[in-house]
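Okay, thanks for coming, everyone.

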Amino acid sequence: MNRILLSLWSGAFWIGAPQGVLSEADRAWESLARTPSSPRAYSPKSMIEFYEAKERGERGYRDQGYRFWKAYPDDPRRYQWLLATVAYRAPFYWGGDPHLAAKAYFERIARGEETPIAYDRDAIRRWEAIYPALRQTYLSSEAVSEKQKMYLLHGEIRSLFERMYHAPGREPGGMASVLKVLRLLDEYTDRYLLDLDREEDFRTEDLYYKYVGWFCTYRHAWNLSFEDLRFIAEHLSKRSAPIARARGQKMLELLALRETPFSQTWTTIDGGEMTPESRKGKVALYYIWNCG
Amino acid sequence: MPRFEALYRQFKDRGFEIVSIPVDRESSKDELIEKVRAFNARKGVTFPTVLEPAFTARYGLHPAGSHLMLFGRDGKLLEIGHILSLRRRSGPLEQRIEQALASP
């Protein structure tokens, strides 16, 4: 049962334990699998308590898993833990109305208040010091399928984006994070994106269609200047994968508006026209919103 | 929207306009018009709404987000960002608009 809960919670994929007598590794794994397995188990009284409990739970899971990793180098279940640890974590999509939660969160930021995600910078630094070696072992292991490796790379990019998105302004060095994302995107693209035989439920292109668009949208939160955006756009547009080139090109088109005004004529909802002449000499605020 | 309406009323006599660009990938054009008309009537929106449902796709912006783009008198892009992160990082919108109106 614990195993089922764990695999549900992590959103990852159960590798399957070998059958037989309960070994020492089994017992260690059982205790690892008994860590809080659902965000609902925390019964949060408020958002702050929720995020603190979540952060504690994640850290506990990470530390316990690392002990397992060190103690049982030949046990394939350690890969399951590693994948679950970097897997996609989006606090706002766990129960409740994600839009309301996100709105409340951004309103706090707008008021200049502390945000509720408890960030332990030392813990993050410690984790970042040991992670590259873990990752290398995972990616070069023969016990892990190519698909599982693909999920890890995908999860890394997504969790990095999520971290930047949910903790705007609190990620040290916006451009440093962006460079990390770009490097991971390149690695992932070179390895997997050119393979068009993808699973239907696995929207690889989302990484480009959805997340790359965030660079412009959240540039203030990440302290990115227009020069930084240009650097990102040019980098993407020079890549060999068509999807990366296309995204880079779109970003360049957007940045070109810094030099060249819109020249299109638009129709308004009342059937009128909005021409470049009618817009001339005016300061304009465009509000682009989703009404779907 | 009430906030934008207030901004529009505050600055429109000095050569300022707000353009609302609704994006909806699922509705047809007629459905979109219907929906936005009802919305504008309900919220008392008086600034123009433009039909460019492919705007976000064209410039590679996140299709589900809400974005603000501020253009100067010369028609060049001054500012882009998410509605809230922009407010937090570069001061109140009113201030940015004042600056843009003051420069030629």
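So, strand 3 of chain A and strand 2 of chain B, residues 67-71, pair in the antiparallel sense over five bridges. By pairing I mean that DSSP finds at least two bridges between two strands. Helices (H or I, at least four residues) and strands (E, at least two) are DSSP runs, numbered from the N terminus. In this pairing, A:Leu285 stands opposite B:Leu70, and A:Ala284 stands opposite B:Phe71.

Quick housekeeping: this is a predicted model, where local features need pLDDT of at least 70, side-chain atom pairs count only at pLDDT 80 or more, and totals for chains, interfaces and linings use all residues. Residues are numbered from 1 along each chain as its sequence is written, while chains are lettered from A and ligands numbered from 1 in the order in which they are written.

Back to strand 3 of chain A. It also pairs with strand 1 of chain B, residues 16-23, in the parallel sense over eight bridges. One position to look at there is A:Tyr286, which stands opposite B:Val19.

Now zoom in on strand 2 of chain B. Five of its five residues are buried, so it is largely enclosed by the rest of the structure. Buried means 20 or more other C-beta atoms within 10 Å of a residue's own, exposed means 12 or fewer, and partly exposed is in between, with C-beta atoms placed from the backbone. Both faces of the strand are covered, with B:His67, B:Met69 and B:Phe71 on one side and B:Leu68 and B:Leu70 on the other. Strand 2 of chain B also pairs with strand 3 of chain B, in the antiparallel sense over five bridges; there, B:Leu68 has B:Gly81 as its bridge partner. The hairpin of these two strands has five residues between them, and B:Gly75 takes a positive phi near 80° in it.

Let's step back to the whole interface. How many residues of chain A are in contact with chain B? It's 42, against 57 residues of chain B, where contact means that the C-beta atoms of two residues, placed from the backbone, lie within 7 Å. Strand 3 of chain A gives the most to chain A's side, with eight residues. By class, that side has 25 nonpolar, eight polar and nine charged residues. Here Ala, Val, Leu, Ile, Met, Phe, Trp, Tyr, Cys and Pro count as nonpolar, Asp, Glu, Lys and Arg as charged, and the others, Gly among them, as polar.

Is A:Gly281 buried or exposed? Exposed, because A:Gly281 has 11 other C-beta atoms within 10 Å. Leaving aside its neighbours within four places in sequence, A:Gly281 is in contact with B:Gly15 and B:Arg73.

Finally, the chains themselves. Chain A has 13 helices and three strands, and buried residues make up 26% of its 292 residues. In helix 11 of chain A, residues 226-237, the residues A:Leu229, A:Ile232, A:Ala233 and A:Leu236 are buried. They cover an arc of only 95° around the axis, which puts them on the same side of the helix; the arc is that of the directions from the helix axis to the C-beta atoms. Chain B has five helices and three strands, in the pattern α-β-α-α-β-β-α-α along the sequence. Of its 104 residues, 33% count as buried.
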